[in-house]
Amino acid sequence: MTDIRVLVVDDDFRVAGLHRDAVAARPGFVALEPARTVGEARVALAAHRPDLLLADVYLPDGDGVELVRSAGIDAFVLSAATDAETVRRAFTAGALAYLVKPFDTRVLAERLDRYARYRNLLSSARPLSQDDIDRAASVLRGEREGPSLARSATEQTVLAALGGDEASASEVAERIGVSRATAQRHLTALAERGLVQVSLRYGSTGRPEHRFRAGA
């Protein structure tokens with residue numbers, strides 16, 4: 001996974017520096033030079049294409065919430081504003097988090113770490129299941145990760161087909177009437193989430209075969 005590039009936007013250079021340093025201290029993050037105005041932020045967005053925006057609400061030449069709305073990238077709002085309307089506007093604009101200033105930089109560090117995990121969970125090249133999506137949302141909110149209440153019908157069928165037995169992807173595919181590739185994809189996804197165990201067995205031909213068992 002490539003480094004996450006972060007742009008801080010705050011008109012107070014001391015605060016901007018603190019937030020930039022907090023970003024730079026996290027593994028896997030790169031802190032860009034902070035912007036102090038909406039105008040500077042738009043120039044930096046075009047020039048550096050950051051992955052994450054950390055924006056104050058009150059900026060000398062405009063509204064940080066509108067900047068978040070128009071930027072088209074992931075964003076946190078960091079502001080001293082605590083009125084409900086501003087907080088609602090920030091989330092409606094697409095902010096993933098709202099941190100009330102002043103805050104300990106460890107709070108920002110923890111949110112950045114959560115964000116990195118969230119991005120990693122949503123970086124898969126394969127189609128995402130409801131479990132994947134719910135897990136990413138839970139990580140971002142700092143909730144304990146648990147099994148989704150909305151596991152896909154196909155995954156439920158795959159687990160039911162395994163029952164208490166051990167089976168290959170081909171055997172599961174035959175039991176539920178799907179292609180081997182479809183069964184393999186769902187079994188791999190379930191294994192990644194720890195819902196099935198995988199072992200390697202050698203058949204009579206000497207070729208290895210992955211075997212799956214539910215209840216990991």
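Phe-76 and Tyr-115 are both buried in this predicted model. The two residues form an edge-to-face aromatic pair, and ring pairs link Phe-76, Tyr-115 and Tyr-118 into a cluster. A separate topic is the packing of helix H3 (residues 64-71) with helix H4 (residues 84-92), whose axes come within 9 Å.

**Aromatic cluster**

- A search of the whole structure finds two aromatic pairs.
- The rings of Phe-76 and Tyr-115 lie 6.0 Å apart, centre to centre, with 85 degrees between their planes.
- Phe-76 belongs to strand E6 (residues 74-79) and Tyr-115 to helix H5 (residues 105-121), so this pair ties together parts that are 39 residues apart in sequence.
- Tyr-115 also pairs with Tyr-118 in a tilted arrangement, at 6.0 Å centre to centre and 35 degrees between the planes.
- Tyr-115 and Tyr-118 are separated by about one helical turn, because they stand three residues apart in helix H5.

**Burial of the tyrosines**

- Tyr-115 has a relative accessible area of 0% and is therefore buried.
- Tyr-118 has a relative accessibility of 16% and so counts as buried, the cut-off being under 20%.

**Packing of H3 and H4**

- The axes of H3 and H4 cross at roughly 15 degrees, which means that H3 is roughly parallel to H4.
- The crossing of these two helices is left-handed.
- Val-65, Glu-66 and Arg-69 of H3 make the contact with Arg-89, Ala-90 and Thr-92 of H4.
- By residue type, the contact of H3 with H4 comprises three charged, two nonpolar and one polar.

Technical notes:
Residues numbered from 1 in each chain as written. Predicted model: local features only at pLDDT ≥ 70, side-chain atom pairs only at ≥ 80, totals over all residues. Heavy atoms only, no water. Phe/Tyr/Trp six-rings, centres within 6.5 Å; stacked < 30°, edge-to-face > 60°. Helix = DSSP H or I, 4+ residues; strand = E, 2+ residues; numbered from the N terminus. Buried < 20%, exposed > 50% of the residue type's maximum accessible area, 1.4 Å probe, protein only. Axes fitted to C-alpha atoms, helices over the stretch in contact; angles between N-to-C directions. Parallel < 35°, antiparallel > 145°, perpendicular 65-115°, else oblique. Left-handed = near helix turned anticlockwise from the far one by under 90°. Contact = heavy atoms within 4.5 Å. Nonpolar A, V, L, I, M, F, W, Y, C, P; charged D, E, K, R; others polar.
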